[in-house]
Each structure stands twice: as structure tokens, then as C-alpha cells.
There are 2 protein chains.
Amino acid sequence: MFSYPRAMRRLINELSKLPSIGEKSATRLAYHLVTAHNADSLNLAEAIKLAKTETILCRECFFLSANTLCEICSDHTRDATQICVVEKPADVVAIERSGGYRGRYHVLHGLWSPLRGISPGEIKIDELITRIVGDNQSNSSGTISVNEVVLATSTTVEGDATALYIANAVSKYGIKVSRIAQGIPKGGDVEYADDLTLSHAIEGRKNF
Amino acid sequence: MFSYPRAMRRLINELSKLPSIGEKSATRLAYHLVTAHNADSLNLAEAIKLAKTETILCRECFFLSANTLCEICSDHTRDATQICVVEKPADVVAIERSGGYRGRYHVLHGLWSPLRGISPGEIKIDELITRIVGDNQSNSSGTISVNEVVLATSTTVEGDATALYIANAVSKYGIKVSRIAQGIPKGGDVEYADDLTLSHAIEGRKNF
């Protein structure tokens, strides 16, 4: 069947492998890349290569980093007794932008999802436990320096399940475990809030 | 402000330049590329480079091609007296897939769009005229071998305007100019067709 030249077909094929890029979008992107100014396309190719070779996961928190330890883990002014657990690097950036947190992070790189076949062992939960209790779990003499684990996974079924799983795993070490608040978002209308959000908002009410 | 490592930021920036990819999508794609298997990301980088260097526009019809003349323009079994004018390469692939056309093509690489600041001079209309009348417009002794120009631009305002512009430019050379039919698409319900489509469908009715 008639189609594009071979190099173009290969590019469409590679672009289709990206998340949420179907064949039509891939074709549109490939057309853009092939007809764009030379420098633009080659810059993108170079940026992919560079990002891939220069970016690693932080040894401690698994955020994206250029060095063994990321910017936050190597910042000694940050509170090392608090660990905020998130699903993905973008969540770290969002929380940092909010400015409401001065502790450290732990990026799971996924959520526990039986539907998508992702077990707790496939996300960085073991690494979180190791980080909290140190290498010698039997030693109660003080390798534990973490006071609080803030579970900041999304308030979806998978995010809640992952949070519950981690809370169970961590609580036996006598560490405080908290979950980000659920409620009406800023600017939200009570009338249009769904039942579950509303019941959470009332349940989690604070003294005024 | 806190953000991703430098190489990751550069990748997000380059990805944001792609059409219909905003900053959020670019970040998600960059995260995928950085954490994906090594080979996948480097394959994409390589595919971009290859497609960019190996793919050119056909000298005759401006479809994407690996050689000076594309597959269709170098196929002597195709009817060279018919030229089907389309906006972009994907339209050629779609018409070829339909199997309803055996002539040649002309890819405009855009549509006349005052709103987006694209004038007729910026799309391949002059090249179409040159192709039809040859280099010597004053010579009436037979360099014209094209009998029909099929205007297959989309039936949008811009597509219609471009078709009208080309029809005016071409008709003075005494060549038949046709426009793809407008009507109810296959499987379409008359009740739900919009007024303009319906009036075109009735106006363009054929003997049964």
C-alpha cells in the first residue's frame, strides 16, 4: 500500500510509542519535524539524547537529577525528618511551586494498580522503607531519623490504595503518617462539588 | 524557582515547540523519554535525525520523498494529465488509500489564510501554475499536458478560499477545474446533517 518514505514511516512509528500519541498525532508531528527548520528538529533530537544521558534518578528520593543526589536531597536547610511521598517528578515540582513544604520527597514512579498490573514491588516502596528504617531494621537505637511521612499521592482509587498500603507498611515503625487534605478546591462552589468531596470536606473541617 | 535538571528543562522546552504540545504534555513526554528504556529514546532521537536528513520534497508535486522525484511522480502508469491539489502530505496518503484516483498530485503545504497571515505566495501555488503551463506561458504550441486540476482542499473556509483562488488562476489557461464533491458522508443521517452540507448535497445530486 502507498505510504510515506521509509525514514518518515520509521519516525511516525517511533513517535507513536510515546504516551497518548496515536498514529494521527504521530504523523502530524513527523510532518512538522520533517518540514520544520533544520535546526529545530536536530535540536530536539539532541535534547532527547542529552536528557537521556545526563538525567538520572536521585539515589535517595528518586527525583530526576543531574547528580547522584538531587538538588533537594543535597540541600541541608531542608527538613530531613519529613518525607513527602508522591507518584511522579511533576508532583514534586507542583508542591515546590506551592511553597507550602520544606521537607524532603520520595518519588514512587507509579501507583499500585492491580488493573494495570502494577504491584507494590514495582514502585519505589521498598526503597522508602529502607530509607526510613535504615539497613538494620532490628536496631532500635536510633538510625531512624524520619518523624513524619506525608502521603501526597492523588486522591484517586489507585492513589488512595497506594497511600493505605504505605501507611500500613510504615506505621509499624512508630512514625507519624499523614495524608494530604481532601476538600473543596480554592474557588470551588459547594453546590457543584461531588458527594464524596463534600463529605470529605465536612469530615475534615477545622476550627475557624 | 525550583525545577527539573537543566537537560530535562531543555528537552521540555524543545518538545513544547511541537504543534499542539503544551508545557504539561511536553513535561509528561520528557518524563517518559528520560525514564524509558535507553534504546527507545535514542531510537526516537535517531529517527528524527534520519527523517530530517533523508526526506525531501518531491521536485514536481512537493510530496515527501526520499528522492528528487517521489514514488507517484516517477510512476509512468499514473495519469499525468490530472493533478489533484491538496493541502498536506497526509491528504495524499488518504486519497491513495481510498483507491479512487490514478492521476498525480500537488501538495500546497498550507492554505490561504488571512487570519493566520498566510498569503497565496507562501504556499505552492506559483509552482502549480509553472507545472501546468511550463516555463513558456506565451507558447501556445503544446507544452500544456495537464487536462484537469482536481481541487481537493478541505471544505472549510480556508480550503474553499484556496480552491477558488487556484480555480481563478488556472482557468485562464483553458484547463478543466473540478472540486471534490460535498454532501452527506457515507453512513450519515440526513436528519442530523447541517444545513450547508444538506444544501450542497441536494444541489450536487446525481441521476440515479
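Predicted model: local features only at pLDDT ≥ 70, side-chain atom pairs only at ≥ 80, totals over all residues.
Me: Which residues line the largest cavity?
Reply: By class, the lining has eleven nonpolar, no polar and no charged residues. α3 of chain A and α3 (38-54) of chain B each supply at least two residues of this lining. The lining residues are L15(A), L18(A), L29(A), L44(A), I48(A), L15(B), L18(B), I21(B), L29(B), L44(B) and I48(B).

Me: How many cavities of 30 Å³ or more are there?
Reply: Counting cavities of 30 Å³ or more gives one.

Me: How much area is buried between chain A and chain B?
Reply: In the contact between the chains, 56 residues of chain A meet 56 residues of chain B. Carbon and sulfur atoms give 72% of the buried area. That area is about 5200 Å².

Me: Which three residues supply more of the area that chain A buries against chain B than any other three?
Reply: The area buried between chain A and chain B is about 5200 Å². Of the part that chain A buries against chain B, the three in question supply 15%. They are F2(A), I48(A) and K52(A).

Me: How many salt bridges does the rule find across the interface of chain A and chain B?
Reply: R6(A) and E54(B) meet through their side chains in a salt bridge, at 3.6 Å from N to O. Polar contact across the interface is found for ten residue pairs. For salt bridges across the interface, the count is two.

Me: Which element gives the largest share of the side of chain A that touches chain B?
Reply: Elements giving two or more residues to this side are α1 (6-16), α2 (23-35), α3 (38-54), β2 (64-65) and α4 (89-98) of chain A. By class, this side has 31 nonpolar, eleven polar and 14 charged residues. The largest share is 15 residues, and the element that gives it is α3(A).

Me: Which parts of chain A does the pair R78(A) and E96(A) tie together?
Reply: The structure holds 18 salt bridges over all chains. In one, the side chains of R78(A) and E96(A) meet at 2.8 Å, N to O. The two residues lie in parts 18 residues apart in sequence, so the pair ties together the loop between β2 and β3 (79-86) and helix α4 of chain A.

Me: With which side chain does the side chain of E158(A) make a polar contact?
Reply: E158(A) sits in helix α6 (residues 157-171) of chain A. Leaving aside neighbours within four places in sequence, E158(A) is in contact with L111(A), W112(A), S113(A) and R116(A). The polar contact, at 2.9 Å, is with the side chain of R116(A).

Notes:
Residues numbered from 1 in each chain as written. Chains lettered and ligands numbered in written order. Heavy atoms only, no water. Contact = heavy atoms within 4.5 Å. Buried area = accessible area lost by both parts, 1.4 Å probe. Salt bridge = Lys/Arg side-chain N within 4 Å of Asp/Glu carboxyl O. Polar contact = N/O pair within 3.5 Å; in protein donor to acceptor, adjacent residues only side chain to side chain. Helix = DSSP H or I, 4+ residues; strand = E, 2+ residues; numbered from the N terminus. Nonpolar A, V, L, I, M, F, W, Y, C, P; charged D, E, K, R; others polar. 1 Å grid on protein atoms, 1.4 Å probe; cavity = no way out; pocket = protein on both sides within 12 Å on 5 of 7 lines; lining within 4 Å. Points joined across faces, edges and corners; volume = space filled by probe spheres on them.
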